[in-house]
Amino acid sequence: MKASDFVGMMFLARNVAHSVHLNTRSYAKHKTLNRFYEKVIDLADDFAEMYQGKYGLLGPIPVAAVKKSTNIIDFLQEQVDEIEKERYTIIKDSDTALQNTIDEIVGLYLSTLYKLKFLS
């Protein structure tokens, strides 16, 4: 996975989370998804800026269409699994600042999944 695809993945996550946020009847889910979609964009921006500071411009950032998924938990779990699988193809493990930001992104996904699974 290229860095631009990774950033596009987070853009997609933001869009999906925001859509579900606006359509839920659960206040806990509403607040959890609000936190997620605000923070995931900040982290995507941090990653993109650091990447570009080191390697140059990302170029076009593709935003994929949503695969048919009616369950936000499944959607976020699939994305975090993909991030954890691809993290060292996105950026070398020796790029610790960028890997640290990926750690923060994974942490956001995991804490969001916890709240969606057990608190809403």
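Tutor: Let us begin with a definition: a residue is called buried under 20% relative accessible area, exposed over 50%, and partly exposed in between. The model before us is a predicted one.

Student: Why is Asp 103 called partly exposed?

Tutor: The relative accessible area of Asp 103 is 41%. The limits are 20% and 50%, and the value falls between them, so the term is partly exposed.

Student: What makes the contact of Arg 87 and Asp 103 a salt bridge?

Tutor: The rule asks for a side-chain nitrogen of Lys or Arg within 4 Å of a carboxyl oxygen of Asp or Glu. For Arg 87 and Asp 103 the N to O distance is 2.8 Å, so the pair qualifies as a salt bridge. Arg 87 belongs to helix α3 and Asp 103 to helix α4, so the pair ties together parts that are 16 residues apart in sequence.

Student: Is Arg 87 buried or exposed, and how do you know?

Tutor: Arg 87 has a relative accessible area of 10%; the limit for buried is under 20%, and therefore Arg 87 is buried.

Student: How many salt bridges does the rule give?

Tutor: The count is 3 salt bridges. Another of them joins Asp 95 and Lys 54, whose closest N and O atoms are 2.5 Å apart. Asp 95 sits in the loop between α3 (72-90) and α4 (96-118), while Lys 54 sits in helix α2 (residues 27-55), so this pair ties together parts that are 41 residues apart in sequence.

Student: Why does the contact of Lys 85 with Glu 86 count as a salt bridge?

Tutor: The closest N and O atoms of Lys 85 and Glu 86 are 3.8 Å apart, and the cut-off is within 4 Å, so the pair is counted. Lys 85 is exposed at 62% relative accessibility, whereas Glu 86 is buried at 14%.

Student: How many aromatic pairs does the structure hold?

Tutor: There are 5 aromatic pairs. One of them is formed by Phe 36 and Tyr 109, with ring centres 5.0 Å apart and planes at 80°.

Student: What makes the pair of Tyr 51 and Tyr 55 tilted?

Tutor: The centres of Tyr 51 and Tyr 55 are 4.9 Å apart, with 40° between the planes. Stacked requires under 30 degrees and edge-to-face over 60, so an angle of 40° is called tilted. The two residues are 4 residues apart in helix α2, a separation of about one helical turn. Tyr 51 is buried at 18% relative accessibility, while Tyr 55 is partly exposed at 36%. Phe 6, Phe 47, Tyr 51 and Tyr 55 form one aromatic cluster.

Student: Which residues form the negative surface patch?

Tutor: They are Glu 38, Asp 42, Asp 45, Asp 46, Glu 49 and Glu 104. Helix α2 gives the most to this patch, with 5 residues.

Student: Which residues form the nonpolar patch on the surface?

Tutor: Tyr 114, Phe 118 and Leu 119 form it, with about 360 Å² of accessible area together. Tyr 114, in helix α4, has a relative accessible area of 44%, so Tyr 114 passes the limit of over 30%.

Definitions and conventions: Residues are numbered from 1 along each chain as its sequence is written. This is a predicted model: local features need pLDDT of at least 70, side-chain atom pairs count only at pLDDT 80 or more; totals for chains, interfaces and linings use all residues. Side-chain values use heavy atoms; hydrogens and water are left out. Buried means under 20% relative accessible area, exposed over 50%, partly exposed in between (1.4 Å probe, protein chains only). Rings of Phe, Tyr and Trp (its six-membered ring) pair if their centres lie within 6.5 Å; planes under 30 degrees apart count as stacked, over 60 as edge-to-face and the rest as tilted. Patches are made of residues with over 30% relative accessible area and no salt bridge: like charges are joined within 9 Å, nonpolar side chains (Val, Leu, Ile, Met, Phe, Trp, Tyr) within 5 Å. Accessible areas come from the Shrake-Rupley method with a 1.4 Å probe; for residues, only the protein chains shown count as cover. Lys and Arg count as positive and Asp and Glu as negative; His and the chain ends are not counted. The place of a charge is taken as NZ of Lys, CZ of Arg, CG of Asp or CD of Glu.
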